[in-house]
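Please look through the structure shown below with this short briefing beside it. The points are grouped by topic, so that each can be followed on the chain.

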Amino acid sequence: QVQLVESGGGLVQAGGSLRLSCAASGRTSSVYAMAWFRLAPGKEREFAAAIRWGGATTYYADSVKGRFTISRDNVKNTVYLLLNRLKPEDTAAYYCAAGPRLVTTPTYDYWGQGTQVTVSS
């Protein structure tokens with residue numbers, strides 16, 4: 001089992017920035033990739049970004065490309081998502097996910113509890 005704990009969400013004005021963190025613990029040796037998804041009211045869960053745990057490969061959704069940056073710290077077993085130039089439509093609960101494949105679909109094995117990001121206009 002792998003446990004994921006997100007932090008860093010909050011309320012920010014449009015154009016502002018936030019950094020989300022996702023700390024992994026447990027059987028992290030089984031993790032090949034980690035990702036961030038988001039869920040807004042009335043919408044389906046949406047892929048935001050993903051990163052290969054042991055390398056530099058990253059994927060981004062078109063809606064966040066150029067504004068969000070995913071990174072990892074293997075020593076701390078933590079993945080980060082830096083959110084820049086935030087827009088009101090970025091408002092959502094952001095979820096960290098981990099699994100054995102680097103994919104953009106919500107088929108990861110492990111999920112965190114989510115952290116809320118609210119962007120005011």
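In this predicted model, a disulfide joins C22 to C96, with a distance of 2.0 Å from S to S. A disulfide is a covalent bond between the sulfur atoms of two cysteines. The structure holds one such disulfide, and because C22 lies in strand β3 while C96 lies in strand β9, the pair ties together parts that are 74 residues apart in sequence.

**The disulfide in more detail**

- The torsion about the S-S bond of C22 and C96 is about -80°, and the disulfide is therefore left-handed.

**The nonpolar core**

- The largest nonpolar core has 39 residues, and those with the most contacts inside it are L4, M34, W36, L81, L83, Y94 and Y108.
- Several strands each supply at least two residues of this core, among them β1 (2-7), β3 (18-26), β4 (33-39), β8 (78-83) and β9 (92-99).
- Once its neighbours within four places in sequence are left aside, L83 is in contact with G16, S17, L18, L20, R67, F68, Y94 and V117.

**Aromatic pairs**

- A search of the whole structure finds three aromatic pairs.
- In one of them, the rings of F37 and Y108 have their centres 5.9 Å apart and their planes at 70°, and because an angle over 60 degrees counts as edge-to-face, this pair is given that name.
- This pair links distant parts of the chain, since F37 is in strand β4 whereas Y108 is in the loop between β9 and β10 (110-111), 71 residues apart.
- F37 is buried, with a relative accessible area of 1%, and Y108 is buried as well, with a relative accessible area of 5%, because buried means under 20%.
- F37 also forms an aromatic pair with W111, which is tilted, with 5.2 Å from centre to centre and 50° between the planes.
- Because F37 lies in strand β4 and W111 in strand β10, the pair ties together parts that are 74 residues apart in sequence.
- W111 is partly exposed, with a relative accessible area of 26%.
- Ring pairs link F37, F47, Y108 and W111 into a cluster.

**A charge over rings**

- The charged end of R45 sits over the ring of Y95, at 4.9 Å from the centre of that ring.
- R45 also lies over the face of W111, at 4.6 Å from the ring centre, and W111 is itself a member of the aromatic cluster with F37, F47 and Y108.

Technical notes:
Residues numbered from 1 in each chain as written. Predicted model: local features only at pLDDT ≥ 70, side-chain atom pairs only at ≥ 80, totals over all residues. Heavy atoms only, no water. Core = buried A, V, L, I, M, F, W, Y, C linked by side-chain atoms within 4.5 Å. Buried < 20%, exposed > 50% of the residue type's maximum accessible area, 1.4 Å probe, protein only. Helix = DSSP H or I, 4+ residues; strand = E, 2+ residues; numbered from the N terminus. Contact = heavy atoms within 4.5 Å. Disulfide = S-S within 2.5 Å. Phe/Tyr/Trp six-rings, centres within 6.5 Å; stacked < 30°, edge-to-face > 60°. Lys NZ or Arg CZ within 6 Å of the ring centre and 35° of its normal.
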